[in-house]
Amino acid sequence: MLANRDCLQIKENWYDALAELASYRQHNREVVCQFGYDGKNVLFKRRNNIEVSKLSLEQTLQKVCLFDDIKVNDLSQKDLRLENRKVIRRIANKYYIYTEGAVDSLEDVEDLLSHSIRKIVMPYPINPDLALKFPKTRLTIGLTLASNDYSMVEAANLQVTPLKKVVDELIRLDLRQSVQVTLNREPTDEEELLKIARELMLNFKNFGRVYLDSGITSIRELRCLWRFPKLVPIVGGAFWED
């Protein structure tokens with residue numbers, strides 16, 4: 001399943017669909033494909049709800065591996081975390097991946113980086129002592145923008161911090177290599193998506209890559225974001241879940 005012209009449509013040959021996307025990705029048009037894993041199930045987000053995929057982990061990998069960059073979100077509960085980490089390490093030995101999840105210690109960092117993980121996403125608020133021990137090219141700071149105000153960053157405990165304050169903190173710590181921005185509310189239309197992208201580029205003008213998870217469902221939305229050279233769209237289940 002993938003985009004045909006401007007809308008997502010099911011194609012008989014899924015690999016032909018991915019080839020179509022690849023044609024759009026020439027000239028440094030980057031894209032990251034993501035899915036979640038909880039130690040048992042492949043998960044994806046649809047309309048802000050986490051759903052269980054009908055595909056197995058191996059079936060999912062057969063599809064998303066056609067993307068250059070894969071992001072695996074570790075959504076496991078505490079009792080499954082060690083088992084889930086083994087799975088993520090196994091995937092990283094074969095594919096070029098990013099990961100996001102529970103990274104609480106230097107041992108976690110060393111364990112993941114030693115198994116060829118390309119980047120680790122550390123959610124805000126960060127532990128500066130731990131973040132500063134990362135090779136800067138291997139760390140991405142994860143920010144979630146509040147659903148009712150895109151100028152505020154929302155933490156897992158629902159505490160909000162002005163985006164400008166967060167940006168100033170990351171500049172002060174010299175953690176400007178890359179950030180991942182997740183929208184808690186998907187844009188209502190392309191006009192709003194374009195407005196958000198422009199504001200992000202202004203806020204992060206002194207940063208490297210800006211990865212944006214905005215619930216993309218069409219090639220037209222990708223084209224909208226590809227206008228900004230530093231912005232890398234993150235796509236999810238809409239591009240690989242049948």
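A contact, in these legends, means that heavy atoms lie within 4.5 Å of each other. The model is predicted, so local features need a pLDDT of at least 70 and side-chain atom pairs count only at pLDDT 80 or more, whereas totals for chains, interfaces and linings use all residues. Residues are numbered from 1 along each chain as its sequence is written, and side-chain values use heavy atoms, with hydrogens and water left out.

**View 1**
Helices (H or I, at least four residues) and strands (E, at least two) are DSSP runs, numbered from the N terminus. Of the contacts between residues at least 6 apart in sequence, 60% join residues that are at least 24 apart. The chain has 242 residues, and 52% of them are buried, where buried means under 20% relative accessible area, exposed means over 50%, and partly exposed means in between (1.4 Å probe, protein chains only).

**View 2. The salt bridge between Asp69 and Arg118.**
A salt bridge is a side-chain nitrogen of Lys or Arg within 4 Å of a carboxyl oxygen of Asp or Glu, and the structure holds 11 of them. In the pair shown here, the closest N and O atoms of Asp69 and Arg118 are 2.5 Å apart. Because Asp69 lies in strand β6 (residues 69–74) and Arg118 in the loop between α4 (106–113) and β8 (119–123), the pair ties together parts that are 49 residues apart in sequence. Asp69 counts as buried, at 7% relative accessibility, whereas Arg118, at 23%, counts as partly exposed.

**View 3. The salt bridge between Glu100 and Lys71.**
The closest N and O atoms of Glu100 and Lys71 are 2.7 Å apart. Glu100 belongs to strand β7 (residues 97–100) and Lys71 to strand β6, so this pair ties together parts that are 29 residues apart in sequence. Lys71 has a relative accessible area of 2% and is therefore buried.

**View 4. The salt bridge between Arg85 and Asp108.**
Here the closest N and O atoms, those of Arg85 and Asp108, are 3.4 Å apart. Arg85 sits in helix α3 (residues 81–92) and Asp108 in helix α4, and the pair links distant parts of the chain, 23 residues apart. Arg85 is buried, with a relative accessible area of 8%, and Asp108 also counts as buried, at 17% relative accessibility. Salt bridges that share partners join Arg85, Arg89, Asp108 and Asp111 into one network.
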